Amino acid sequence: MLQLFLFFLMTFIVRGQIRYSVPEEMKIGSLIGNVAQDLGLDVRRLRSGRARIVSGETTRYAELNADKGVLVVNEKIDREELCGEVTPCSFTFEIILEDPIELHRVTVEILDVNDHAPTFKNPVISLEISESATVGSQFDLESAYDPDAGIYTLQNYVLSPNDNFVLKQHSNVDGSRFAVMILQNALDRELNPHLSLKLIALDGGTPQRSGTLSIEITVLDVNDNPPVFNQSIYKATVTENAPLGTYITTVNASDADSGTNGLVIYSFSNVKGKSAEKFAIDSLSGKISVVDNIDYEKEKKYEIRVIAKDQGGLSDATKVVIEVVDVNDNAPVINIMSFSSMISEDVSPGTTIAVFNVKDADSESNGKITCSIDANLPFKIQSSLTDYYNLISDVVFDRETKPEYNITITAKDSGSPPLFTKATLQLRISDVNDNAPVFSKPSYLAYIAENNTPGMSIFSVSARDSDWNQNARISYFLEDAEIIGNPISSYISINSESGVVCAVRTLDYEQIKQLLFTVKAQDGGSPPLSSNVTVKILIQDQNDNPPQVLYPVQTGGSVVAEMVPRSADVGYLVTKVVAVDVDSGQNAWLSYKLQKSTDRALFEVGLQNGEIRIIRQVTDKDAVKQRLTVIVEDNGQPSRSATVIVNVAVADSFPEVLSEFTDFTHDKEYNDNLTLYLVLALAVVSFLFITCLVVIISVKIYRWRQSRIMLHSSLPVIPYYPPRYSDTLGTGTLPHVYNYEVCRTTDSRKSDCKFGRAGSQNVLIMDPSSTGTMQRTQNEKSILDEPDSPIEVRL
């Protein structure tokens, strides 16, 4: 059938509009037109602009092939279903492209195809005609209905051959055709009481389609007056959405006959489309009323043919024209054609955010639409094509101030009362790296104690960036700097993500008092932004250095001694101990104390200045060789100390001093040997104690056994005491106290410990001339604890 039509394109472009004409019933995928060629667009532009079809219709009849730039049939098109009796029939849609946004309107006209045959509402009708019907009497026949348009609709009626009737055809104002059967020869009931005829309706297609109506005629007796309407055309109006049963109008026909021949029956004839379903007529009164919903947007006017027929089969016809009055019953419909839900905050004012279409199915003022948005929003609406609007930006955006907008578009018609529709768009502002990181402080000051553990966390810096996501991701870096010729990175490090500053190595206050450097905070934008902050780390001193004695100088081999004349007065300055501490603060405050001295009653040391002075008059009994041990302590917690030995010669001449100080070099060896001998002595004493304890237990056991023997033998008991035990109050035995004698040779400076005889008390043998220091030595409970005790001194 499609070969009967010429596939032609009537293409024209007027302000981005093109028009195509295609026949209905085309197969899915059939070509409609080359959009790219007709719009003068490159196929690559269609792909890059994500070209697509936007339409408010529920059924999309056309599809865009962006790869080839052509329109093809997407759904089978039925012109009669799409447009009904409206001609010409077409549908319109828009093709939209993005980056930049372009909008082109496409109208596709649907050409009719002869795909419907004429049909009668009733396949069979019955007529009762009086035999007295005069020649020339007209009998209205039911009209056929063909939904096709143009030449494909109903074109002709043909009446089957007969001797009594001929067919006459008429056309309405709207072009529809109807047939009237005219009596050509008088009927004779006695000859032919019943006639069967065929009425054939033909359209103009090739081949023709047809429909058949069977006419069954019953010949009646005389009824010579047909009904006559008092108006040839009836006009009425009805409001859309009128309630069911609403009165429209009343038709009236009169019949001059009397009795049953004058009774008129009313009915609809030649009702086009679905008109018969919208209205009903009372067959006796001729009253027409609404029986179904009426929608102005679907049908604006109805034409109904009414037949008035008497009982004799005579009839008359009239036309009823019903105009539908529009009511504002349709709110505007907003269709978002294109919408960028996210835009960059650096877009310029005037950027198109969305393209939308607004339609209202009502007419005149009821369909006049006004679009608006909230006046506080930084956007405005501009009209582009008919019923199309652009939502554009009106200011420069700042995501940090407002990251998103809820835009409500209101479309309101001009009806009374007006109807409106709202559509909400949520627009997010994407971030641009336009804010540098900002530190929480203008500068940082931190403290760390020296001798720290490498890798120890000192403190952290913190910066914030008001941008978002990657643009707000901050990394921390150390700016290049040198401390005492070394890069700052050899002292500290910084965690690039957390900003935690750690010590790379152990810091020494005595070498570095502070670290001054710069930290850079850089975001992850492209290009990145950064800011710097100055950081000062003060190193706190710890008491990690003992005092250092500068004077007197301690030497390993030679003996240095201070000489004090015997005639020196009280307060005589012997010497001064000079010490320093490289620590600082209270850790470097030094105090001097006399720890040991050959004669404590002869010297004193200044607590703060370290001066050694004589505190009594020197006598001839004082030893020439005096040895002082001075301890120097700092004020740290805990404190550290250093010990210095000061040799003092109490003499009036140098030869006397020289003879006495020749043995000073043996002091260290002497002290070491003395310690060894003390340990040996302790071991021996412990051994002897254990031995004595074993002997005592053995004796006890022996005596107990002897007493048992004596008890049984009845012999006199004679107590027995070992040589080293004595009786105590006659009740038992206690060990005798051991006497210890310590003998030391002055020449060899070797110390010997001897166990003497048992005695009643301890006896310390020493030179009688050393009585001046004996009391101090006994008070310290052990003469062996003093390596330079008076036993060593030989006057």
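Predicted model: local features only at pLDDT ≥ 70, side-chain atom pairs only at ≥ 80, totals over all residues.
**Strands S36, S42 and S41**

An open sheet is built from three strands, ordered S36-S42-S41, with antiparallel pairing. Strand S36 (457–460) and strand S41 (492–494) each have a single partner strand and stand at the edges, so one side of each has no neighbour in the sheet. On average, and with direction ignored, neighbouring strands of this sheet are turned by 25° against each other. S41 pairs with strand S42 (residues 500–503) over three bridges in the antiparallel sense. In this part of the model, Ser493 lies opposite Cys502 in S42.

**Strand S28 and its partners**

Strand S28 covers residues 352–359 and is mostly covered, with six of its eight residues buried. Buried here means under 20% relative accessible area. Strand S26 (residues 333–339) pairs with S28 through six bridges, in the antiparallel sense. Ile336 stands opposite Phe356 in S28. S28 also pairs with strand S31 (residues 388–393), again in the antiparallel sense, over five bridges. Here Val355 is the residue opposite Asn390 in S31. In a regular strand, side chains alternate between the two faces of the sheet.

The pairings with bridge counts are listed below.

| Strand pair | Sense | Bridges |
|---|---|---|
| S41 and S42 | antiparallel | three bridges |
| S26 and S28 | antiparallel | six bridges |
| S28 and S31 | antiparallel | five bridges |

Methods:
Residues numbered from 1 in each chain as written. Heavy atoms only, no water. Pairing = 2+ DSSP bridges. Helix = DSSP H or I, 4+ residues; strand = E, 2+ residues; numbered from the N terminus. Axes fitted to C-alpha atoms, helices over the stretch in contact; angles between N-to-C directions. Buried < 20%, exposed > 50% of the residue type's maximum accessible area, 1.4 Å probe, protein only.
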